[in-house]
Amino acid sequence: MKLLVINGPNINMLGIREPDIYGKETYKNLIDTVKVYAENKGIEIEFYQSNHEGDLVDKIQWAYKRIDGIIINPAAYTHTSVAILDAVKSVNIPTVEVHISDVSAREDFRQISYIRSACVKTISGHSINGYTEAVDFLTEYLGNEN
Ligand code: DQA
């Protein structure tokens, strides 16, 4: 099983950006933690981060026929991007939406998620643990699918 973790704009600034909201763990900590967690379960995992919407679309398309499950935090593009929604629908790969903060308790403009309707699950507000929970969810989901 091969998983792809995609992070959108400003997630590379974790640990520096608004630590009261996003915590003190850095993006490198996130990758190290999730990589070790997945690999200990025998899962191949790779990571991609971009601040650019089209690059995120390209990476989702790249995943077609290469990746079994996607974990994505589209960050601010969650609330604006039809292109990322369409990309996830195009490749038809089981996808989990993750948010570090609890978006449901934040500003009105964060209450819309374009991508959510294309995802098999949403995990929000569990800090970087949300990514390891997504690994567990996809492991079970993909196991049950076959
Ligand atoms: C976020 C929540 C988004 O509203 C925000 O724009 C982000 C990060 C989160 O992980 O909590 O950049 O996706």
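Thr132 lies in helix α5, which spans residues 129-145; helices (H or I, at least four residues) and strands (E, at least two) are DSSP runs numbered from the N terminus. The model is predicted, so local features need pLDDT of at least 70 and side-chain atom pairs count only at pLDDT 80 or more, while totals for chains, interfaces and linings use all residues. Residues are numbered from 1 along each chain as its sequence is written, and side-chain values use heavy atoms, with hydrogens and water left out.

Thr132 is buried, at a relative accessible area of 12%; buried means under 20%, exposed over 50%, and partly exposed in between, with a 1.4 Å probe and protein chains only. Its side chain reaches the backbone oxygen of Asn129 at 2.9 Å. Beyond neighbours within four places in sequence, Thr132 is in contact (heavy atoms within 4.5 Å) with Val34 and Tyr37.

Confidence is given as pLDDT, the predictor's score for each residue from 0 to 100. The protein has a mean of 97, with 98% of its residues at 70 or more. Among its elements, α5 has the lowest mean, 93, and strand β3 (residues 69-73) the highest, 99.

A nonpolar core is a set of buried Ala, Val, Leu, Ile, Met, Phe, Trp, Tyr and Cys residues joined through side-chain atoms within 4.5 Å. The largest has 25 residues, and Leu3, Ile45, Ile71, Tyr131 and Val135 have the most contacts inside it. Two or more residues each come from β1 (2-7), α2 (27-40), β2 (44-49), β4 (95-99) and α5. A second, separate core of 17 residues includes Ile6, Leu56, Ala63 and Ile115.

Technical notes: Polar contact = N/O pair within 3.5 Å; in protein donor to acceptor, adjacent residues only side chain to side chain.
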